[in-house]
Amino acid sequence: MPNQSEAYDFSRFEDTNETVEPKLKVTEGVQKQAQGVITVKAVVLVLMLIAVVTMMIYNKVVITELSAEISSSQKQLSALEDQEEILSAQVENSVSLNSIEQTVTKDLGLSKADAYQIEYIKLVKGDNIQLKNQTDDGIISKVAALGKRLLEYMGIG
């Protein structure tokens, strides 16, 4: 029924009984391909899950081994520290003056000097000591001796 209004075209809004059917093409095997892709994805997902779980287990095993190694190293360190304390106490005891005096008197047979064994020396000129075979040759011999000592020090002469 045509609309008589000239200002508006209501025919555009009227229902038409024509229905357009979509063109669908049905192909066989597409559903099987989709199931194959889903199966492959599921298998890959399961394999990845197994890999992650395996890595987590391996990580725990490595951590446990390292913890055991650290524990044994700490026990060994503790034993060595105890041994170091014992050895340092033994060294301290053996270096003491009483220990040295006992070793000298008993093992070596030495004794303290008696009063008759001590002789005092009086120096008339003061505290001077003169060495044998020392002559004063002059400045040239002193420079030569200094050069010789310097070469000996450096390891050349």
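1. Which backbone oxygen lies 3.0 Å from a polar atom of the side chain of Ser94? The backbone oxygen is that of Val91, and the pair falls under the term polar contact, which is a pair of N or O atoms within 3.5 Å; within protein, one must be able to donate a hydrogen and the other to accept it, and residues adjacent in sequence count only if both atoms are side-chain atoms.

2. On the basis of the model: this is a predicted model, in which local features need pLDDT of at least 70 and side-chain atom pairs count only at pLDDT 80 or more, while totals for chains, interfaces and linings use all residues. Residues are numbered from 1 along each chain as its sequence is written, and side-chain values use heavy atoms, with hydrogens and water left out.

3. The protein has 3 helices and 0 strands, in the order α-α-α along the sequence, where helices (H or I, at least four residues) and strands (E, at least two) are DSSP runs numbered from the N terminus. Of its 157 residues, 1% count as buried, a term that means under 20% relative accessible area, with exposed over 50% and partly exposed in between (1.4 Å probe, protein chains only).

4. Ser94 itself has its place in helix α1, which covers residues 30-95, and at 43% relative accessibility Ser94 counts as partly exposed. Apart from neighbours within four places in sequence, Ser94 is in contact (heavy atoms within 4.5 Å) with Ser99 and Ile100.

5. Helix α3, residues 139-154, has 16 residues and spans 23 Å from its first C-alpha to its last, close to the 22 Å expected at 1.5 Å a residue, the expected span being 1.5 Å times one less than the number of residues. The number of buried residues among those 16 is 0, so α3 lies largely in the open. Tyr153 belongs to this helix and is exposed, at a relative accessible area of 72%; just after α3, Gly155 takes a positive phi of about 85°.
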